[in-house]
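Trainee: Can you walk me through this one? I'd like to start with the pocket.
Mentor: Fine, here it is.

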Amino acid sequence: MHSADDWKDDDALREMGWAGLKAALTQSQAELVAHLAQQDDSYLEIPYEDYNFHYLIEGIIHHDIYHLGQLGITLKLLRRQVLLQE
């Protein structure tokens, strides 16, 4: 969580580009799904620090939904701005 890979600066994000960022997200989600597919429900109750995997996985899902909402609003505003300029 405290790695530079987790908190890329603007220059690193620009270098990755939109396609690279989407590919990284797709890959990380595919890895998570593949890992979870190999587990049974008891895995969710395994403790990890102060939580369990159920709590952490649910947090990842909520986090991704939150940011997808932000992207949706941003795209809507950008499209509106383009329409106003035409």
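Trainee: Which element gives the most to the lining of the largest pocket?
Mentor: α1 does, with 10 residues. Helices here are DSSP runs of H or I with at least four residues, strands are runs of E with at least two, and both are numbered from the N terminus.

Trainee: What should I know about the model itself?
Mentor: It is a predicted model, where local features need pLDDT of at least 70 and side-chain atom pairs count only at pLDDT 80 or more, while totals for chains, interfaces and linings use all residues. Residues are numbered from 1 along each chain as its sequence is written, and side-chain values use heavy atoms, with hydrogens and water left out.

Trainee: Back to the pocket. What volume does the largest one have?
Mentor: About 1700 Å³. A pocket is an open set of points on a 1 Å grid over the protein atoms alone, where a 1.4 Å probe fits, with protein on both sides within 12 Å along at least five of seven lines; lining residues have an atom within 4 Å of a point. The volume is the space filled by probe spheres set on the points, which are joined across faces, edges and corners.

Trainee: Switching to salt bridges. How many does a search of the whole structure find?
Mentor: The search finds 1, taking a salt bridge as a side-chain nitrogen of Lys or Arg within 4 Å of a carboxyl oxygen of Asp or Glu. The side chains of Asp 11 and Arg 14 meet in a salt bridge at 3.6 Å, N to O.

Trainee: Where do Asp 11 and Arg 14 lie?
Mentor: Both are in helix α1, 3 residues apart, about one turn of the helix.

Trainee: Are Asp 11 and Arg 14 buried or exposed?
Mentor: Both are exposed. Exposed is over 50% relative accessible area, buried under 20%, partly exposed in between, with a 1.4 Å probe and protein chains only.

Trainee: Last one: what about the phi of Glu 49?
Mentor: Glu 49 has a positive phi of about 50° although it is not a glycine. Glu 49 sits in the loop between β1 (47–48) and β2 (51–52).
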